[in-house]
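Hello,

I am passing on the two-chain model we discussed. Please open it first, then read my notes below.

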Amino acid sequence: MSSKVDTNKFIPRFVSHHFSNADQEFESCKLGMWLFLLTEFMLFGGIFVAYVVFRTWYPETFESGAEKLDWKMGAVNTVILITSSVTMAVAIREVQLNRKGRALALLLFTVLCGMGFLVVKYFEYNHKFELGIFPGDFFSFMGDHMSNEHLYFSIYFMATATHVLHVILGLLAILWVSWRTAKGEFYEAYYTPVEMVGLYWHLVDLIWIFLFPLLYLTK
Amino acid sequence: MSTTTQNDVNFYQAKKGIMSWVYTIDHKRIGIMYLIASSLALFAGGAFALMIRAQLATPGGMLPMTPEYKDTYNMWFTLHGVIMVFLFIIPAIPAALGNFILPLMVGAKDVAFPKMNLASFYLYVIGAAIALYGIVGGESPLTTGWTFYLPYSKETAGAVITMTFAAFVLGFSSIFTGINFIVTIHKLRAPGMSWYKMPLLLWALYATSILQVLATPVLGITLLLLIAERTLQVGIFDPALGGDPVLFQHFFWFYSHPAVYIMILPGMGIISEVISCFSRKVIFGYKAIANSSIAIAVISFLVWGHHMFLSGQSVYAGLVFSFLTFLVAIPSAIKVFNWVATLHRGSITFETPMCYALSFLFLFTIGGLTGLPLATLSTDIVLHDTYYVVAHFHYVMFGGTVIAFFSGLHFYWPKMVGKMYNETVGKIACIIVFIGFNVTFFSQFFLGYTGMPRRYFTYDSSNELWSQMHGFSSIGAFILGFGVLILFANLIASLFSDRKAPNNPWGATTMDWETQSPPVLENFSEDVPVMKKAPYEYE
């Protein structure tokens with residue numbers, strides 16, 4: 001996607017001293033953000049590798065573990081996150097079109113979706129804890145389970161908790177750009193932070209899209 | 001030689017007071033702060049090294065032969081490793097020298113993200129503070145070695161969580177530097193500087209940054225999982241809970257082997273600059289050196305398994321990793337051949353940076369070649385975890401990286417502080433370092449070859465060869481330490497001298513030397529400097 005910066009209209013206060021123009025600054029930020037997203041992929045990559053290794057060793061354990069998760073809750077959360085990704089993308093478009101009010105509304109709706117995700121996750125975790133489903137050595141589930149099932153839940157909790165942490169950070173970032181949008185700092189020639197936070201939010205969404213089938217839909 | 005007079009206010013004078021350093025986003029000041037911090041780490045890590053060598057000077061050692069003192073010794077080598085790896089050698093060249101030089105070399109006013117650059121430095125300081133707390137904060141001593149292998153690192157009472165968290169924070173600092181450098185090289189090059197007209201140090205820093213960005217997050221998640229292992233008993237790495245300790249080794253070395261190249265690649269970049277400059281000759285095989293940096297970055301991601309030949313990894317995996325390890329030696333060798341070819345029929349002068357660069361060629365070649373028997377499955381069985389390994393990687397890490405760091409430090413010192421150091425003292429220090437280093441570590445090849453295991457706090461006193469070689473090694477270590485002290489004393493003394501550095505004391509051709517010494521606040525006098533001639537165009 002090419003930048004929408006119109007150099008005739010740009011206001012110099014937004015270009016840092018070491019860039020020659022707004023275009024260069026925008027492109028630099030975008031490249032930097034993509035590199036940062038790459039580090040996030042590598043971080044989650046470690047958990048995914050652990051998942052693959054243990055699933056290869058204990059396939060039945062993974063099926064038995066996945067059955068204890070509520071796929072409906074997972075599906076609801078998937079829909080919520082995908083919706084929020086769409087509203088985030090449209091919010092960026094609205095900023096580019098100088099429609100501040102609609103942009104702000106969409107950003108806040110995105111925040112609402114993210115919080116909805118957290119609420120669903122809270123109920124899921126709570127239910128697991130009540131049943132004694134904890135990671136690793138603390139696993140004390142009394143019902144039917146495989147001998148190594150605590151490992152499945154170690155991976156489940158590590159993966160989803162790391163993801164939840166990213167959701168929270170993403171929400172804080174969206175609130176930050178919402179506040180700046182409300183102050184009217186963004187317009188067609190300068191919207192870099194909104195776009196960057198948008199990229200980050202899509203990453204958070206994307207990782208969940210991998211986690212959901214891998215953890216919930218194992219059969 | 002340039003004789004331009006210095007009229008403009010340099011970046012030290014442009015802003016005054018302690019706050020101008022605390023809040024600075026100037027890459028030059030951040031580079032200087034990184035240089036001071038990582039040099040302090042060098043001295044701290046070096047102090048532990050000297051304590052190790054003092055203990056091993058005689059079979060009896062200086063610590064009483066009781067179990068609790070074994071832990072003291074184990075803590076020394078652990079902290080030597082942790083400090084040297086995470087606090088000194090990884091940030092020393094990229095974050096200290098690179099931060100200062102890279103924007104000057106590309107002809108930019110700053111790195112792409114100056115605030116993130118400052119954040120990187122503060123994360124480094126926070127990481128160092130956490131590590132310091134782990135050392136003196138009253139927790140039991142950390143005795144895991146810098147590799148934190150499980151299951152020991154789960155069972156031990158030592159300050160594992162504190163230290164791994166420190167390394168986690170330092171990882172962020174390293175990632176921020178990496179992202180900054182990649183974007184700066186992509187987007188902020190001066191007009192006229194196409195990819196294949198970049199000085200080779202930039203290629204080296206670029207390859208380094210790729211490794212930092214891709215490998216460090218894997219260390220991050222590994223250390224988080226280790227912390228979770230100790231706090232939540234998740235069991236992923238714990239065999240008692242059905243987990244796999246070898247998986248930890250895979251994860252750890254997936255970062256830590258590329259990290260070896262994070263350490264050596266920038267050093268190689270400095271050597272390319274220095275050798276070409278003091279041979280007064282176009283670098284031989286420019287494209288080969290540039291591309292071999294990228295080749296090293298790519299292949300180094302595929303060799304981590306050679307640390308686990310004896311860890312219960314499958315033999316077939318071992319074969320593949322052995323082959324790939326031989327493969328990664330090729331681009332390194334390409335560089336060495338090209339440097340030697342650059343020297344051929346050059347007008348060589350022996351200034352201090354060049355003395356270090358020539359030491360590098362010699363020592364790095366020994367380090368590289370002695371790595372091959374470790375990459376060979378059959379010989380590795382004998383040499384694994386002996387002093388041979390210790391000698392090998394010190395030849396690469398100290399003989400390679402640290403010597404290159406010293407070379408770069410002397411090369412860029414006039415640019416960084418605007419003063420010339422004493423050449424004669426500099427050369428004497430170089431010779432002492434060279435001798436001390438070889439006495440310390442060459443003797444360890446004999447120790448390892450005859451079966452002396454690493455990480456032991458004593459040895460068989462009836463073995464005459466071991467007593468002699470350990471004695472040699474310890475004497476060498478103190479010679480080496482003495483040499484490094486002279487080196488730094490000489491540099492610091494230059495600050496108080498009146499030998500002002502000209503803008504281009506070495507007659508080098510890259511853009512960084514077109515700036516004033518020390519540079520002005522936004523580096524270049526013109527707003528958008530243009531690259532006028534290709535690097536290494538010496539008459």
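**What I found**

Chain A has six helices and zero strands. The order along the sequence is α-α-α-α-α-α.

Some ground rules. This is a predicted model, in which local features need pLDDT of at least 70, side-chain atom pairs count only at pLDDT 80 or more, and totals for chains, interfaces and linings use all residues. Residues are numbered from 1 along each chain as its sequence is written, while chains are lettered from A and ligands numbered from 1 in the order in which they are written.

**Chain A overall**

The C-alpha trace of chain A spans about 70 × 30 × 25 Å along its principal axes. Chain A has 219 residues, and 40% of them count as buried. Buried means that 20 or more other C-beta atoms lie within 10 Å of the residue's own; exposed means 12 or fewer, and partly exposed is in between, with C-beta atoms placed from the backbone. Take the contacts in chain A with a separation of 6 or more: 71% of them join residues 24 or more positions apart. A contact needs two C-beta atoms, placed from the backbone, within 7 Å.

H4(A) has 31 residues. Its first and last C-alpha atoms are 45 Å apart, close to the 45 Å expected at 1.5 Å a residue. The expected span is 1.5 Å times one less than the number of residues. The buried residues of H4(A) are Ala103(A), Leu106(A), Leu107(A), Thr110(A), Cys113(A), Gly114(A) and Phe117(A). Their cover includes H3 and H5 of chain A.

H5(A) has 34 residues and reaches 49 Å between its end C-alpha atoms, close to the expected 50 Å. Gly184(A) follows H5(A), and its phi is positive, near 80°.

**Where the chains meet**

On chain A, 29 residues are in contact with 32 residues of chain B. Helix H1 (22–57) and helix H5 (149–182) of chain A each supply at least two residues of the side of chain A that touches chain B. H1(A) gives the most, with 16 residues. By class, that side has 14 nonpolar, 13 polar and two charged residues. Nonpolar covers Ala, Val, Leu, Ile, Met, Phe, Trp, Tyr, Cys and Pro; charged covers Asp, Glu, Lys and Arg; the others, Gly among them, are polar.

**The core**

The largest nonpolar core has 233 residues. Such a core is a set of buried Ala, Val, Leu, Ile, Met, Phe, Trp, Tyr and Cys residues joined through C-beta atoms within 7 Å. Ile155(A) and Leu202(B) have the most contacts inside it. Helix H4 (residues 67–106) of chain B gives the most to this core, with 25 residues. Leaving aside neighbours within four places in sequence, Ile155(A) is in contact with Ile47(A), Ala50(A), Tyr51(A), Phe54(A) and Ile236(B).

**A kinked helix in chain B**

H9(B) (residues 245–279) has 35 residues, which should span 51 Å; its end C-alpha atoms are 50 Å apart, which agrees. H9(B) also has a kink of about 30°, centred on Trp253(B). The bend at a residue is the angle between axes fitted to the seven residues ending there and the seven starting there. Of the 35 residues of H9(B), 32 are buried, so the helix is largely enclosed by the rest of the structure.

**Backbone points to check**

Most residues other than glycine have a negative phi, and most peptide bonds are trans. These are the exceptions I would look at.

- Asn98(A) has phi near 65°. Asn98(A) sits in the loop between helix H3 (71–96) and helix H4 (100–130) of chain A, and is partly exposed, with 13 other C-beta atoms within 10 Å.
- Tyr536(B) has a positive phi of about 70°. Tyr536(B) lies in the segment after H16 of chain B and counts as buried, with 22 C-beta neighbours inside 10 Å.
- Leu150(B) and Pro151(B) are joined by a cis peptide bond, with omega about 0°. Pro151(B) is in the loop between helix H5 (114–136) and helix H6 (152–155) of chain B.
- Ser517(B) to Pro518(B) is also cis, with omega near -15°. Pro518(B) lies in the segment after helix H16 (464–495) of chain B.

Best wishes

How values were computed: Helix = DSSP H or I, 4+ residues; strand = E, 2+ residues; numbered from the N terminus.
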